[in-house]
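Please open the model in your viewer and keep the selection panel at hand. The tour below moves from one selection to the next and says what is to be found at each stop.

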Amino acid sequence: MNATPVHRLRRSALYLPASNARAIEKARGLPADVVILDLEDAVAPEAKDEAREAAVAALAQGGFAAGEVAVRANGLDTHWGEADLKALAQTDAHAVLVPKVSIPDDIARYDAALANAHSGMQLWAMIETCRAVANLDAIAQMAASTRLSLWVMGTNDLAKEMRAQLTPDRSVFLPILSLAVCAARAHGVTILDGVCNEFRDLDLFRAEAMQGARFGFDGKSLIHPAQIETCNKVFSPSVEDVAWARAVIAGFALPENRGKGAISVDGNMAELLHLEDARRTVAVAEIARNERSNG
Ligand code: COA
Ligand code: MG
């Protein structure tokens, strides 16, 4: 919901295969807001056990610049899922990201598997199946009674299941993306956009990230370090956004505007509903600025 206080930024979430030691080492120093150590799609079946061990060891060693480190587990309906969840529940990961959630009961099963995890551990879920699209509201509603707090769109798996084509304008996915944002917002769930596979084409990436930002996503999932900087920029309020937000806040604070629902700011109408938005914009910009000065 709009009124949800902003505690941390999730503008950029970089995946890397937990089986890739070089990528883990590299990720420690990268300015992504979130790092996701992957045990699922990016890891071949024969490397699954080794990847799980590497992820647990990387978490124990720590040293990531990212504000949050998550691990994507294999599904509980696969050969590796149960062992993944069991191992991850004993770590200090900020979140376990679970794949191919389709119905509310899937969230309940993953939540139960994390019953003994540390109290702050969050459950994040991939939205990447056709069934999930039909159950968005019911899945998001599980946030009220479980650790569920964030969704990541899995557009590659969705395309595969739908037998749809991923085109640069993503026209096939637009209704799904906006319905997913609505369901997430309705239940206070953070939502990240899917990945852009063409990691060498930063112009295409920027256009896709801006499309996601316009849709209301909090951030975007990434596959390559080269995408981070652009992503952080696109999902941070611009100088103009912040100036407008400050003007709206100042306008509503004027004594003559007390008790008004709509006022005039720089020749535009601002309503009380914009005030909430403006406060959020300023809060996000301040966190981004503090991070820059700390990093
Ligand atoms: N995280 C951390 N470091 C990464 C990285 C990632 N996702 N992707 C690449 N790097 C590192 C490489 O190790 C390399 O480091 P080095 O030059 O210092 O040794 C550097 O960045 C440049 O990599 P580059 O040569 O451009 O890419 P690549 O050909 O090695 O790898 C991919 C390309 C797509 C295989 C790789 O980016 C990757 O594995 N991405 C994540 C895939 C994933 O997790 N998918 C699951 C979710 S969709
Ligand atoms: Mg997937």
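Begin with Tyr15, where a backbone N or O atom lies 2.8 Å from a nitrogen atom of ligand 1, a polar contact in the sense used here, namely a pair of N or O atoms within 3.5 Å, where within protein one must be able to donate a hydrogen and the other to accept it, and residues adjacent in sequence count only if both atoms are side-chain atoms. Before going further, note that this is a predicted model, in which local features need pLDDT of at least 70 and side-chain atom pairs count only at pLDDT 80 or more, while totals for chains, interfaces and linings use all residues. Residues are numbered from 1 along each chain as its sequence is written, chains are lettered from A and ligands numbered from 1 in the order in which they are written, and side-chain values use heavy atoms, with hydrogens and water left out.

**Around ligand 1**

Next select Lys26, which places a polar side-chain atom 2.9 Å from an oxygen atom of ligand 1, and then Ile223, where a polar backbone atom is 2.8 Å from a nitrogen atom of the ligand. The protein covers 65% of the 890 Å² of accessible area that ligand 1 has on its own (areas by the Shrake-Rupley method with a 1.4 Å probe; for residues, only the protein chains shown count as cover).

Now widen the selection to the 15 residues around ligand 1, of which Tyr15, Arg22, Lys26, Ile223 and His224 come nearest; a residue is near if one of its heavy atoms lies within 4 Å. Both β1 (12-17) and α1 (21-28) supply at least two residues of this shell, and the largest share, four residues, comes from β1. Helices here are DSSP runs of H or I with at least four residues and strands runs of E with at least two, numbered from the N terminus.

Asp41 lies in the loop between β2 (34-38) and α2 (48-61) and Asp157 in helix α7 (residues 155-162), so the pair ties together parts that are 116 residues apart in sequence. Colouring by accessibility, you will find Asp41 partly exposed at a relative accessible area of 46%, whereas Asp157 is buried at 13% (buried is under 20%, exposed over 50%, partly exposed in between, with a 1.4 Å probe and protein chains only).

**Further stops**

In helix α2, pick Arg52, which counts as buried at 12% relative accessibility and whose side chain is joined to that of Asp84 by a polar contact of 2.6 Å.

For backbone geometry, go to Lys100, which has a positive phi of about 50° although it is not a glycine, and which lies in the loop between β4 (95-98) and α4 (104-113). Arg170 likewise is not a glycine and has a positive phi, of about 55°; its place is in the loop between α7 and α8 (174-186), where Arg170 is buried with a relative accessible area of 2%.

Finally, colour by domain: the assignment, automatic or from a database, gives domain 1 (12-234) and domain 2 (239-294), with 31 Å between their centres, taken over C-alpha atoms.
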